[in-house]
Amino acid sequence: MHAYLRIALLSLALPLTAQAQTSQAPVEVEADRLDLDQRAGTAVYSGNVNIRQGEMQIRGDRVEITRNDAGELSQATATGERAYLRNQLEGEPAPMEGWARRIIYHVSERRVELIDQAELTQRSDRFQGGRLEYFIDREVVQARSDVSGGENQRIRMTLQPAQ
């Protein structure tokens with residue numbers, strides 16, 4: 001079992017961001033439980049999960065990590081009443097932070113989906129809605145009010161003037 005746990009942790013050690021500094025950082029995981037399916041390429045952490053690698057942090061009641069056929073991290077999905085994602089981008093004074101009931105990080109696309117009661121802050125700007133998509137490299141945010149299977153949640157945003 002020790003070998004399987006090591007493989008699960010190493011699968012997280014693949015780059016969570018394009019920053020070499022973060023990808024070389026050790027992965028720290030805290031959770032109450034781990035269910036690892038080596039053949040399916042999934043690791044499911046549950047119970048107050050906190051995953052950190054360098055400047056990237058993911059928190060939730062449950063976090064599922066999926067690897068592709070090459071064994072590379074392809075997706076991380078955090079769920080909970082207030083799942084959380086934080087990433088300090090190089091050259092930025094403040095981190096990008098997001099909260100939602102479900103957060104999906106698509107690693108190769110460097111795209112984050114925040115679904116249901118979604119909130120995203122970047123610099124001093126704040127976005128809220130049913131569904132937010134954030135493209136990390138392009139710094140693009142797309143907001144929608146609709147949530148699959150739920151009530152619409154109006155889009156709200158606060159944009160600070162350029163200084």
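**Strands, hairpins and rings**

Tutor: Start at a strand end: Q53 stands opposite M56 in β4. This is a predicted model, where local features need pLDDT of at least 70, side-chain atom pairs count only at pLDDT 80 or more, and totals for chains, interfaces and linings use all residues. Residues are numbered from 1 along each chain as its sequence is written, and side-chain values use heavy atoms, with hydrogens and water left out.

Student: How many helices and strands does the protein have?

Tutor: Helices (H or I, at least four residues) and strands (E, at least two) are DSSP runs, numbered from the N terminus. The order from the N terminus is α-α-β-β-β-β-β-β-β-β-β-β. The count is two helices and 10 strands.

Student: How many bridges join β3 to strand β4?

Tutor: Strands pair if DSSP finds at least two bridges between them. β4 covers residues 56-67 and runs antiparallel to β3. The hairpin of β3 and β4 has two residues between the strands, and G54 takes a positive phi near 55 degrees. The number of bridges is 10.

Student: Which residue in the turn between β2 and β3 has a positive phi?

Tutor: Strand β2 (residues 33-37) runs antiparallel to β3, with five bridges. L36 stands opposite A43 in β3. Four residues lie between β2 and β3 in their hairpin. The one with a positive phi, about 75 degrees, is G41.

Student: What is the bridge partner of V29 in β3?

Tutor: Strand β1 (residues 27-30) pairs with strand β3 (residues 42-53). The sense is antiparallel, over four bridges. The partner of V29 is I51.

Student: How many residues apart in sequence are the parts that the aromatic pair ties together?

Tutor: Rings of Phe, Tyr and Trp (its six-membered ring) pair if their centres lie within 6.5 Å; planes under 30 degrees apart count as stacked, over 60 as edge-to-face and the rest as tilted. The count comes to one aromatic pair. Y84 and W99 form a tilted pair, 5.5 Å centre to centre with 45 degrees between the planes. Y84 lies in strand β5 (residues 73-87) and W99 in strand β6 (residues 96-106), so the parts tied together are apart by 15 residues.

Student: Are Y84 and W99 buried or exposed?

Tutor: Buried means under 20% relative accessible area, exposed over 50%, partly exposed in between (1.4 Å probe, protein chains only). Of the 163 residues of the protein, 44% count as buried. Y84 and W99 are both buried.
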